[in-house]
Every structure is written in structure tokens, then in C-alpha cells.
Amino acid sequence: MKFRTYPIVVILLSFILVLISCNGKETIAPKEAFRGVVLYPSDMRSIGADRLIDILKKADINLIGIHSNTITEDLDSLKIYLESAEGRLLTDLCKENKIDVEYECHVLQEILPRSLFDAYPEYFRLDSNGVRTNDLNMCFSSEQAWLVIEKNITELVKWIKPTTNRYFFWIDDSYDGFCLCDKCKSYSPSDQALIYENMMLEIIRKVNPEATLAHLAYASTLEAPKTVKPQEGIFLEFAPIGRNYAEPLSSDQYNALKENLGIFPKETTHILEYWLDVSMFSNWKRETWNKVPWNADYCKRDVHLYQDLGIDSFTTFATWMLHQRYFDLHGQDEAVEVLKEYGSILKGK
Ligand SMILES: [Zn+2]
């Protein structure tokens with residue numbers, strides 16, 4: 001009996017070992033790090049999808065984050081772009097060239113329309129004067145407001161489909177837009193944002209079970225949440241706006257990042273930087289349209305700091321730089337060279 005079963009046991013054991021080793025190979029294969037740029041639809045339109053993809057390939061960029069905000073380019077204009085021949089070409093070329101596409105959007109003004117204020121002021125925030133106002137964000141504790149948001153988000157995710165399954169549906173772009181009603185006031189801005197993101201992810205996952213969603217640490221949400229815990233699938237997006245790039249990350253920003261990394265997993269943390277953000281370096285004034293104050297050493301210094309913390313997902317606003325007007329004013333070749341340097345820093349070359 002023993003002799004007859006021995007070869008079978010050996011074969012079975014070998015088979016199990018092969019399975020384990022194959023499985024092991026799958027799990028330890030390093031994932032491709034993200035090297036991204038964030039652009040407006042108007043940037044991409046001005047250059048054209050063909051030329052844009054050619055430029056991104058030269059710089060080893062593997063991710064485009066398409067940006068919308070309610071003020072200058074809203075969700076409607078993003079949808080119009082994506083459905084246009086140019087937008088479809090961009091999607092096809094990205095797929096062909098293995099460039100991921102994500103959508104980094106301030107959406108809250110549009111998924112909770114301000115026009116609801118007259119009939120339903122309780123959907124909106126109580127400001128520091130104790131007045132209900134629809135200027136920014138919402139009352140994050142309003143269950144009825146969430147019913148409106150759920151309906152609108154369910155529509156939105158029918159056409160906003162990030163190839164990475166990472167969603168970025170940010171609250172309003174503000175420093176002081178949080179709710180001080182009795183239910184919300186004990187929560188910090190970061191906690192209120194995380195309440196919103198936890199609810200949002202639950203809604204998106206009803207449509208896309210693979211979805212993950214960014215907690216944007218930025219401006220008044222830069223500090224780590226204190227009382228609310230992230231649901232599984234919420235990842236940290238750290239966007240230290242207002243930096244002086246001649247200096248490393250300030251100690252406040254660095255400490256905020258470290259605290260956030262104690263709450264959110266570092267493996268999924270994503271950095272949104274401004275190294276190439278011509279719109280920001282022009283103070284968002286189109287009549288200015290400055291040259292980007294690029295310094296490869298500054299960027300390298302910052303990237304190493306983030307990588308030393310175990311972060312490998314990066315993108316930078318490059319709005320108004322990858323734009324025909326920038327090429328006309330400051331030269332396409334130079335812009336492409338800057339982008340190539342950025343790409344090679346992220347590649348560790
Ligand atoms: Zn509230």
C-alpha cells in the first residue's frame with residue numbers, strides 16, 4: 001500500500017508546489033508605478049489626441065488624469081469632450097499605448113445642485129455665522145441630500161470609467177466650506193470629507209465593485225482625519241498645494257502626510273503635485289500664462305522624499321503646459337524636455 005501511494009503523493013505534492021510557486025509569482029510581481037499628468041479637456045483639445053499621446057510616450061507617462069471643476073470646465077464639458085471624435089480617439093490611443101485614464105474632478109456642486117437650496121436648505125451647510133448657505137459643499141449629515149447624490153452619482157459612473165478603478169470625486173475647492181450644524185460640527189474638515197468619501201464609495205461600488213476612491217488631503221483637509229475611519233477601498237491622495245518649491249515639503253505638510261499614512265495604506269497612496277502646473281504658477285490668470293519654473297533637482301528631492309515613505313503613485317498638474325498656447329509662448333520642444341525629465345525622475349533614471 002505504502003509503495004503504491006508514494007509516487008501519487010510525490011506527484012500531488014509537486015503539483016501543489018507548482019501551484020504555490022505560480023501563485024507566489026503573481027502576487028510578488030511588481031505593479032507598474034504611476035507616472036501621471038493632470039490635464040483639462042481644453043489642454044487636450046488644443047494639442048490634439050495624436051500629438052498629445054506622442055508627447056506622453058516620449059516622456060514615459062503612463063497615466064492621464066482628466067480634470068474638471070464646476071467653475072471653468074464642468075462635468076458637462078468633460079462629457080462633451082469624451083463623446084467627441086477627439087475624445088474617442090484619445091481613449092483609443094490611450095488603450096493602444098497602455099496609458100491609463102482617470103478623472104480628477106470637483107463634483108459636489110454638480111451632484112448636489114445649488115438650485116435645491118430654496119426648497120431644501122437643510123441639504124446645505126451651516127456656516128460660521130450660523131446661517132444655512134449653498135455657497136460650498138453640503139451638510140454632510142443630511143440623509144435626504146445623500147439620496148440626491150446617489151441618484152446623480154449612479155448616472156455619472158455610467159460614463160466616467162477610470163481604467164484603474166480609482167475614482168476621484170472631490171468635494172468643493174475651498175479652505176472654509178464645512179458644516180457647523182449640530183450633527184457635523186464635532187467633525188474636523190478632514191473627518192467631514194471622509195464621511196463624504198465613505199458614503200460615496202458605497203454608492204459607486206453598487207455599480208463597480210472594484211472601485212476605490214480618493215480621500216483628498218489638500219488645503220483644509222491636509223491634516224489626518226481624527227475620528228472617522230476610512231472604509232476599505234478609500235486611498236489617500238496627498239496634494240500639498242501652496243508649497244514653495246525652492247524648499248522641501250514644510251514640516252507641517254510632512255507631518256500631515258506621515259499622520260495620514262498612519263490611517264491610510266501607503267501601498268495605495270497617491271501623490272498629486274503641482275510641479276508642472278502652469279495654471280497655478282500663473283495664478284489661474286489666462287492673461288499671464290507663465291513659463292513653468294521647473295527645476296529637476298527640486299522635483300527629484302520631492303520624489304525621493306515620497307518614495308522613501310513607500311509611495312510609488314505620482315501625478316502632477318500639467319494644466320496649461322501641455323497646451324498649444326504654452327507651446328506658442330514658451331516653445332514645444334522645451335515643454336517636452338521638461339516632461340521627459342519629470343518622467344525619468346519618476347522612473348528613477
Ligand atoms: Zn451638517
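Student: What's the bridge partner of E273 in β10?
Tutor: That's T316. Keep in mind that this is a predicted model.

Student: OK, and how many bridges join β9 to β10?
Tutor: Four, linking residues 270–273 of β9 with residues 313–317 of β10, and the two strands run parallel.

Student: What do the eight strands close into?
Tutor: A barrel, with parallel pairing, in the order β1-β2-β3-β6-β7-β8-β9-β10. On average, neighbouring strands there are turned by 25° against each other, ignoring direction.

Student: Switching to helices: which residues of α3 are buried?
Tutor: A49, L52, I53 and L56, in a helix that covers residues 49–58. Looking down the axis of α3, these buried residues fall within an arc of 95°, so they line one face.

Student: And what covers them?
Tutor: The cover includes α2 (41–47) and α5 (85–96).

Student: Which residues have the most contacts inside the largest nonpolar core?
Tutor: L39, M321 and Y342, in a core of 91 residues. Helix α8 (residues 189–207) gives the most to this core, seven residues.

Student: What does M321 touch, leaving out residues up to four places away in sequence?
Tutor: L276, V278, V292, Y326 and A335.

Terms used
Residues are numbered from 1 along each chain as its sequence is written. This is a predicted model: local features need pLDDT of at least 70, side-chain atom pairs count only at pLDDT 80 or more; totals for chains, interfaces and linings use all residues. A residue is buried if 20 or more other C-beta atoms lie within 10 Å of its own, exposed if 12 or fewer, and partly exposed in between; C-beta atoms are placed from the backbone. The arc is that of the directions from the helix axis to the C-beta atoms. Two residues are in contact if their C-beta atoms, placed from the backbone, lie within 7 Å. A nonpolar core is a set of buried Ala, Val, Leu, Ile, Met, Phe, Trp, Tyr and Cys residues joined through C-beta atoms within 7 Å. Two strands pair if DSSP finds at least two bridges between them. Axes are lines fitted to C-alpha atoms, for helices over the stretch in contact, and angles run from 0 to 180 degrees between N-to-C directions.
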